[in-house]
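Q: Could you walk me through the pockets and the ligand site of this structure?

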Amino acid sequence: MNTRSSKTFITDFMNYVKSKDPGQPEFHQAVEEVVETLADFLLANPRYLHARILERMVEPERIIQFRVPWADDRGNIQINRGYRIEMNSAIGPYKGGLRFHPTVNQGILKFLAFEQVLKNSLTSLPMGGGKGGSDFDPKNKSDNEVMRFCQSFMSELSRHIGQYTDVPAGDIGVGGREIGFLFGQYKRLRNEFTGVLTGKGIEWGGSLIRPEATGYGTVYFAQEMLKTRGDSFKDKVVAISGSGNVAQFAAEKVIQLGGKVVTMSDSSGSIYDPDGIDADKLAYIMELKNIFRGRIREYAEKYGVQYLDKQRPWSVKCDVALPCATQNEINGDDAKALVANGCFVVTEGANMPSDFDAVHHFLESKILYGPGKAANAGGVAVSGLEMTQNSMRLAWSREEVDTKLHSIMVNIHKMCVDYGKDTDGYTNYVKGANIAGFVKVANSMMAQGLV
Ligand code: NDP
C-alpha cells in the first residue's frame, strides 16, 4: 500500500464528510484525526471498506434536538436548546456525558460523540457512544434556576434514554448537582429507580471513585507512558489546565505520586505557583470552585503567586502537561513552546484539547503524547462500573473500584502500544487508540448486518 493512495483516501473521505455537514469544524477535525491514522489499516483490510463501516460510523444512529423552556428567578421565560446524539450502539447502550455550556451545538456534540464511540470501545466494557447537552450556561445561575432548567431538560430527554438504551453522565457544566436534579426528574416521570445516569451521589446509586475517575485515570495513563522511558512522576514539574472536575483530581493524583503541579486555570486565566500546589492549596481550589463557584484568580491573590490573565498555562516550563479544560486549548504555537521548554509528556484529560498543528508537532517531536480518547477513558470506564453495580444492586469499595480503574487504564495503554508502535520503535498513541477502538466496533457492526 503506497502513501499516495492513503493520502487520496483521506482527502476523498474528508470531502465526503465536509460536504454532508459543512459548518461543523470540530467534527471534521475529530474525524480527520481518526481517518489519518486509520487509512493504511483500512486499505490493508478492505473488508471494512466494502462494508462502508467508516461512512456508517460518521453518521449518528439518531440525533434528538429539543426545546428547553424554563423560568428564571425573576419570572422571565428563557429558552435553550437541548440535544442528544445517539452515535453508535454496536457494542452496548449509548453512553456519554451531557455538556451545559453556551458554545454547545450539534457539531461539537457530534465530535464528542464520535470520539466517545472509540473511547468506550477501548475500555473493554459493553458501552456504545453518545453525547448530549445544551447551550445553557450554569454560570451565575442560582441553584433553583439550575434545578428548573434540569427538570425541563429531562422532561423531554427522559423519553429517549433508559438503563438499557442510553445512559448519560456529566461533562463540562454538568457535575454532581446537575446529575442530582436530572435523576430526580427522571425518577419522578418514569416512576423507576434505575441506573439511567452515572455520576450519581454516593447515597443514591453512585459509584465510589466516579468523581475522581477521569483525572486519576489520566494520571495512571501518563504513569504508564512515563514507565516506557523508565521514568515516573516523582519530582516532575506538571502543568495542568482547567480547575474543574478532571483537573482537580488529576492534580490530586499527581501530588500523591510525588509530582509538582505548578499551574491550573479557568476560562479567565491561569495561575502559576512555582512552589507547587500542595494538598492544602488544592483543597482551597476545590472549595473555591465546587462550593463558592469562584474564579482561579482568587488563588493568586490568596497565595501571592503570578496570575496570567486571559492566558493558558503552556508558556510555563514543565516536564509533563495535562490539558484538562476544553477542546483546542493547545494550538501549534503552544505545542512548540511546550516542547521547546522541555515538556516531554502530554496526556489529555480533556477531549481534543490539542488542535491539528499541535498534535502533529507532538508526534514529529517524538514526545510521549497520549490523546484524550485513550487517556481520559477512566471516567466513562468507572461510569460503566457504576452501571454494573446498579444492575447488581451492590456497591464496591473505593479500593475495588480504584484497582479496576487502574487495571483498565494499564490495559488501554497496552492496546495503544500494541497497535501504535511505529517501525522505529516510537509509540504513536493516536494511531494505537484509533485502530484498537475501531476494530471492536467495526467487527460488531459487521456481525450485526446493515442496521
Ligand atoms: P468542568 O466543567 O468541571 O471544568 C471545566 C474546566 O475547564 C473549568 O475550569 C472551566 O473554566 C474550563 N473551561 C471550560 N471551557 C473553557 C474554555 N472555552 N476555555 C478555557 N477554559 C475553559 O468540566 P470537566 O472537568 O468535567 O471537563 C473538562 C474536560 O474533560 C472536557 O473536555 C470534558 O469533555 C473532558 N472529560 C470530562 C470527563 C468527566 O468525567 N467529567 C470525562 C472525559 C473527558 P470555567 O469555570 O471558567 O468555565
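**The second largest pocket**

A: The second largest pocket has a volume of about 270 Å³. Here a pocket is an open set of points on a 1 Å grid over the protein atoms alone, where a 1.4 Å probe fits, with protein on both sides within 12 Å along at least five of seven lines. This is a predicted model, in which local features need pLDDT of at least 70, side-chain atom pairs count only at pLDDT 80 or more, and totals for chains, interfaces and linings use all residues. Residues are numbered from 1 along each chain as its sequence is written, and side-chain values use heavy atoms, leaving out hydrogens and water.

Q: Turning to the ligand, which residues come nearest?
A: Of the 25 residues around the ligand, D171, T214, S267, R295 and N351 come nearest; a residue counts as near if one of its heavy atoms lies within 4 Å.

Q: How far is the side chain of S267 from an oxygen atom of the ligand?
A: An N or O atom in the S267 side chain is 2.5 Å from a ligand oxygen atom. For the side chain of N351, the corresponding distance to a ligand oxygen atom is 2.8 Å.

Q: How much of the ligand does the protein cover?
A: The protein covers 84% of the 890 Å² of accessible area that the ligand has on its own, by the Shrake-Rupley method with a 1.4 Å probe.

Methods. Polar contact = N/O pair within 3.5 Å; in protein donor to acceptor, adjacent residues only side chain to side chain. 1 Å grid on protein atoms, 1.4 Å probe; cavity = no way out; pocket = protein on both sides within 12 Å on 5 of 7 lines; lining within 4 Å. Points joined across faces, edges and corners; volume = space filled by probe spheres on them.
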